[in-house]
Amino acid sequence: MSYPAEGLESAYRNHIEDVKAYLDSRGYPYMVVNVSGRSYDSLKFGAHIKVIDGGASWRDAKRPPSMKSLISLCDSIFKWTNQNARNVVVIHCMVSD
(Lines give C-alpha, C1' and ligand atoms only; values in the text may rest on other atoms or scores of the structure.)
Protein backbone atom coordinates (compact mmCIF):
# COMPACT_ATOMS: atom_id res chain seq x y z
CA MET A 1 0.00 0.00 0.00
CA SER A 2 1.10 3.58 -0.35
CA TYR A 3 2.28 5.76 2.52
CA PRO A 4 -0.47 6.48 5.10
CA ALA A 5 -0.67 10.27 5.17
CA GLU A 6 -1.97 13.03 7.39
CA GLY A 7 -2.91 16.65 6.81
CA LEU A 8 -2.96 18.07 3.29
CA GLU A 9 -1.12 15.04 1.90
CA SER A 10 -4.12 12.86 2.84
CA ALA A 11 -6.11 14.62 0.10
CA TYR A 12 -4.34 12.40 -2.44
CA ARG A 13 -3.07 9.52 -0.27
CA ASN A 14 -4.83 7.22 2.17
CA HIS A 15 -5.31 8.97 5.52
CA ILE A 16 -3.56 7.10 8.32
CA GLU A 17 -6.74 6.96 10.42
CA ASP A 18 -8.68 5.45 7.49
CA VAL A 19 -5.94 2.87 6.99
CA LYS A 20 -6.03 1.94 10.68
CA ALA A 21 -9.84 1.70 10.67
CA TYR A 22 -9.77 -0.54 7.58
CA LEU A 23 -7.12 -2.85 9.01
CA ASP A 24 -8.84 -3.01 12.40
CA SER A 25 -12.17 -3.84 10.74
CA ARG A 26 -10.73 -7.02 9.20
CA GLY A 27 -10.27 -8.60 12.62
CA TYR A 28 -6.81 -10.02 11.95
CA PRO A 29 -3.70 -9.25 13.99
CA TYR A 30 -1.46 -7.16 11.76
CA MET A 31 2.04 -5.77 11.65
CA VAL A 32 2.88 -2.68 9.61
CA VAL A 33 6.21 -2.47 7.79
CA ASN A 34 7.31 1.00 6.73
CA VAL A 35 9.80 0.93 3.84
CA SER A 36 8.87 4.39 2.61
CA GLY A 37 12.01 6.08 3.90
CA ARG A 38 9.80 8.46 5.87
CA SER A 39 8.92 8.28 9.55
CA TYR A 40 5.66 8.90 11.38
CA ASP A 41 4.25 8.34 14.85
CA SER A 42 3.73 4.57 14.89
CA LEU A 43 1.31 4.96 17.82
CA LYS A 44 -1.23 6.22 15.26
CA PHE A 45 -1.89 2.52 14.63
CA GLY A 46 -2.28 1.89 18.37
CA ALA A 47 0.06 0.79 21.13
CA HIS A 48 -0.75 -2.88 20.55
CA ILE A 49 0.19 -2.84 16.83
CA LYS A 50 3.73 -3.73 15.84
CA VAL A 51 5.20 -1.20 13.39
CA ILE A 52 8.63 -1.81 11.88
CA ASP A 53 10.51 1.08 10.34
CA GLY A 54 12.82 -0.12 7.58
CA GLY A 55 15.41 2.38 8.74
CA ALA A 56 18.03 4.42 6.94
CA SER A 57 18.66 1.78 4.27
CA TRP A 58 15.25 2.55 2.77
CA ARG A 59 15.60 6.35 2.69
CA ASP A 60 17.23 6.62 -0.75
CA ALA A 61 14.72 5.58 -3.41
CA LYS A 62 17.51 5.43 -6.03
CA ARG A 63 19.54 2.81 -4.16
CA PRO A 64 18.49 -0.60 -2.90
CA PRO A 65 18.55 -1.25 0.85
CA SER A 66 21.52 -3.04 2.36
CA MET A 67 21.41 -6.83 2.35
CA LYS A 68 21.59 -6.76 6.16
CA SER A 69 18.51 -4.52 6.32
CA LEU A 70 16.61 -6.68 3.84
CA ILE A 71 17.42 -9.91 5.69
CA SER A 72 16.47 -8.35 9.02
CA LEU A 73 13.14 -7.21 7.60
CA CYS A 74 12.42 -10.63 6.09
CA ASP A 75 13.32 -12.28 9.40
CA SER A 76 10.87 -10.05 11.30
CA ILE A 77 8.11 -10.80 8.80
CA PHE A 78 8.85 -14.54 8.94
CA LYS A 79 8.72 -14.58 12.76
CA TRP A 80 5.46 -12.60 12.83
CA THR A 81 3.68 -14.80 10.30
CA ASN A 82 4.85 -17.99 12.02
CA GLN A 83 3.46 -16.90 15.41
CA ASN A 84 -0.12 -17.30 14.23
CA ALA A 85 -1.68 -18.35 10.92
CA ARG A 86 -4.04 -15.34 11.15
CA ASN A 87 -1.24 -12.76 11.40
CA VAL A 88 -1.13 -10.30 8.50
CA VAL A 89 1.74 -8.14 7.27
CA VAL A 90 1.05 -4.77 5.66
CA ILE A 91 4.01 -3.23 3.81
CA HIS A 92 3.88 0.35 2.66
CA CYS A 93 6.23 2.44 0.62
CA MET A 94 6.18 5.74 -1.21
CA VAL A 95 4.34 5.54 -4.48
CA SER A 96 5.50 8.20 -6.90
CA ASP A 97 3.03 11.02 -7.49
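I read the protein chain along its sequence and got the pattern α-β-β-α-β. The radius of gyration, taken over C-alpha atoms, is 14 Å for the protein chain, close to the 13 Å from the globule rule for 97 residues, so the chain is as compact as a globular protein of that length. That rule is 2.2 Å times the number of residues to the power 0.38.

I noted the conventions next. The model is predicted, so local features need pLDDT of at least 70 and side-chain atom pairs count only at pLDDT 80 or more, while totals for chains, interfaces and linings use all residues. Residues are numbered from 1 along each chain as its sequence is written, and side-chain values use heavy atoms, with hydrogens and water left out.

**Entry: whole chain.** I counted 2 helices and 3 strands in the protein chain; these are DSSP runs numbered from the N terminus, helices being H or I with at least four residues and strands E with at least two. The C-alpha trace spans about 35 × 35 × 20 Å along its principal axes. I looked up burial and found that 33% of the 97 residues count as buried. Buried means under 20% relative accessible area, exposed over 50%, and partly exposed in between (1.4 Å probe, protein chains only).

For contacts (heavy atoms within 4.5 Å), I took pairs at least 6 apart in sequence, and 51% of them join residues at least 24 apart. The protein chain exposes about 6,300 Å², with carbon and sulfur atoms supplying 55% of that area. The areas come from the Shrake-Rupley method with a 1.4 Å probe, and for residues only the protein chains shown count as cover.

I also checked the charges: there are 12 positive and 10 negative side chains, and the centres of the two sets lie 6 Å apart. Lys and Arg count as positive and Asp and Glu as negative, without His and the chain ends; the charge is placed at NZ of Lys, CZ of Arg, CG of Asp or CD of Glu.

**Entry: cores.** A nonpolar core here is a set of buried Ala, Val, Leu, Ile, Met, Phe, Trp, Tyr and Cys residues joined through side-chain atoms within 4.5 Å. I found 10 residues in the largest one, among them Tyr3, Ile16, Val19, Leu23, Tyr30 and Val90. Helix H1 (16–26) and strand S1 (30–34) each supply at least two residues of this core, and H1 gives the most, with 3. A second, separate core has 8 residues, including Val33, Val35, Trp58 and Leu73.

**Entry: valine 33.** I placed valine 33 in strand S1, and at 0% relative accessibility it counts as buried. Beyond its neighbours within four places in sequence, valine 33 contacts Ile52, Leu73, Ile77, Val89, Val90, Ile91 and His92. Serine 72 is 39 residues from valine 33 in sequence, with 12 Å between their C-alpha atoms.

**Entry: tyrosine 3 and glutamate 9.** Tyrosine 3 counts as buried at 5% relative accessibility; glutamate 9 counts as buried at 15%. Leaving aside residues up to four places away in sequence, I list Tyr3, Arg38 and Met94 as what glutamate 9 touches. With its neighbours within four places in sequence left aside, the contacts of tyrosine 3 include Glu9, Arg13, Tyr40 and Cys93. I put 9.0 Å between the C-alpha atoms of tyrosine 3 and valine 35, which are 32 residues apart along the chain.
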